[in-house]
Amino acid sequence: MSQVFRCKRVSSGIVEGEALISQDAILFYYTDPATGVVTEDGHCLKGVSVKDKILIFPGGKGSSSVQADGMYRLDRDGSAPRALIVEELDTVLVSSAVVMEMPMVYHVEAGFYDRVKNGDWVRVDTEKLTVELVEKD
Amino acid sequence: MILSEYQQEMLDGKYGKGKAMAMQILEAVGDSFEAQRMVPISRAHISLSAQDADVWFAEKMGGAGAVCAVPPTVNPGYCVDYFRSKGLLDEKAVAHMERTERAYRRLGAVMTYSCTPYLFGNIPHYGEVVAFSETSVTVYANSVIGARTNRESAASAMCAAITGFTPEYGMLLDENRRADILVEVQAEMRGDFDYALLGLLGKKIGKGVPVFQGLPRHISTEGLIQLGSELNVSGAYEMFHIVGVTPEAPDLKTAVGGRELKRHVVITREDLDQALEEFSPPLRSEVEFVILGCPHYNYDQLRQVARLLESGPAVVPVWIHTSSAVKDLAGRTGMEEALLEKGVELIPDTCVDEACCWKRLAGQAGVTDSPKASYYMRTFGVQMAVRDTESCIRWAQRGRVE
């Protein structure tokens with residue numbers, strides 16, 4: 001049975017994909033645009049690609065222009081995540097997602113975080129304002 | 001969010017496509033943060049970076065006919081005249097910076113190319129609502145001046161400049177400006193560099209609005225700039241308070257304003273020393289170059305460097321990034337010439353985080369007094385150990401760490 005959780009919307013989209021969870025905040029500047037692989041030393045996702053993932057992470061970090069540039073290059077080279085699910089908003093991350101038209105939601109119901117695991121199939125729908133853990137047969 | 005009639009008309013396209021696009025973005029940002037309304041801004045500063053996304057967005061808005069209602073000042077890119085005259089810039093990089101400038105000029109930006117607009121060119125006063133991007137600028141405006149700005153991205157600051165409005169949330173509201181972390185500094189602060197080290201302790205301080213207690217009553221402007229700048233290397237801070245120093249913290253009680261303190265952190269000399277040890281790439285025995293001026297040096301800092309070089313010239317290149325306003329002043333006072341004689345060059349309008357200018361230093365042994373410069377230049381392979389200005393200059397005079 002699929003499980004559905006309420007969320008709030010930052011940037012619109014209806015997409016699905018594999019969950020990738022980061023415990024650390026993310027600065028997209030530290031990714032390789034060609035592959036989507038996180039390059040930041042000491043980051044829990046170092047060496048892992050965010051490409052086509054539903055990326056679940058606490059929030060953004062870093063200076064005011066490099067976040068957008070990282071997202072822009074990932075998008076340009078086809079290595080962007082399909083959607084972003086965050087816990088905490090900051091202006092830089094929010095405005096970058098809006099400008100880059102990268103689907104992004106926040107405030108997902110707590111139960112989601114208890115259940116979601118890396119590799120789960122997740123559907124984000126910013127019209128219904130839901131995040132769905134899709135049970136695959 | 002409820003828009004005024006004028007704001008709604010802007011959103012609906014009555015004032016052109018560019019303003020409508022900017023308003024759409026601001027509305028999405030405002031809705032995300034559950035803002036109730038948009039408020040006018042009187043100033044804007046954009047963290048122009050000349051990076052791909054920056055140029056793309058500036059051209060997109062300009063192409064849609066947007067012109068700024070509030071002409072923004074802008075961050076440094078790279079000084080084409082300087083780097084081209086040294087043969088250090090290929091034609092592609094020249095064309096890219098010229099393209100960036102064209103895009104911003106079309107929007108009506110004021111091409112100050114400096115990351116210290118609060119010292120020259122765009123100085124808000126207490127309580128003024130502004131839209132400043134560039135994290136070191138945002139934190140200085142909020143903390144040291146008491147102006148009100150969120151930690152804008154280049155894009156959101158540009159949209160605010162275009163429309164003249166920003167959504168009212170976050171640091172624009174009294175309750176979010178109060179301190180919720182008490183930071184008791186037991187370390188004796190010996191100079192400006194110690195404020196940079198204090199700023200590197202973001203992980204220990206934690207997320208929120210810190211109020212520092214135990215710091216001296218008189219802190220230099222440069223020390224305050226360093227503190228805010230490095231807090232945004234080690235974490236993401238919109239604002240800090242210093243009891244008895246910053247305008248919204250005449251005393252601890254006012255700074256906290258009834259908010260619940262979620263943390264009480266004690267900082268000792270060991271913490272500052274450890275922060276440096278953990279952050280700085282290791283010193284090598286030789287020193288092949290020195291980079292200073294992140295954020296841009298002001299005139300007093302040039303004087304300090306000149307004083308340190310009285311005992312002898314630098315034998316390796318020393319580059320100081322500064323604003324063209326400070327460089328012009330240094331030209332008029334003879335300071336620029338004096339520094340040049342000692343082996344120091346002033347570079348205007350340029351950010352250390354420009355790979356096309358500085359990548360050539362990869363593999364060489366550099367030192368800097370700016371953790372932020374060291375942090376960003378690592379991304380393109382330039383390794384700079386971080387030490388105080390005095391040490392950087394002393395080693396520049398010897399070409400090695402003694």
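The model is predicted, so local features need pLDDT of at least 70 and side-chain atom pairs count only at pLDDT 80 or more, while totals for chains, interfaces and linings use all residues. Residues are numbered from 1 along each chain as its sequence is written, with chains lettered from A and ligands numbered from 1 in the order in which they are written.

- On the contact count (C-beta atoms, placed from the backbone, within 7 Å), 20 residues of chain A touch 25 residues of chain B.
- α2(A) gives the most, with seven residues.

**Helix α11 of chain B**
- α11(B) is mostly covered, with 13 of its 14 residues buried (20 or more other C-beta atoms within 10 Å; exposed is 12 or fewer, partly exposed in between, with C-beta atoms placed from the backbone).
- T221(B) sits in this helix, residues 221–234, and is partly exposed because it has 16 other C-beta atoms within 10 Å.
- T221(B) and D192(B) are 29 residues apart in sequence, yet 8.9 Å apart in space, C-alpha to C-alpha.

**Strand β3 of chain A**
- β3 (residues 14–21) runs antiparallel to β7 (residues 121–125) in chain A, joined by five bridges; pairing takes at least two DSSP bridges.
- I14(A) stands opposite D125(A) in β7(A).
- β3(A) also runs parallel to β4 (residues 53–57) of chain A, with four bridges.
- L20(A) has L55(A) as its bridge partner in β4(A).

Definitions and conventions. Contact = placed C-beta atoms within 7 Å. Helix = DSSP H or I, 4+ residues; strand = E, 2+ residues; numbered from the N terminus.
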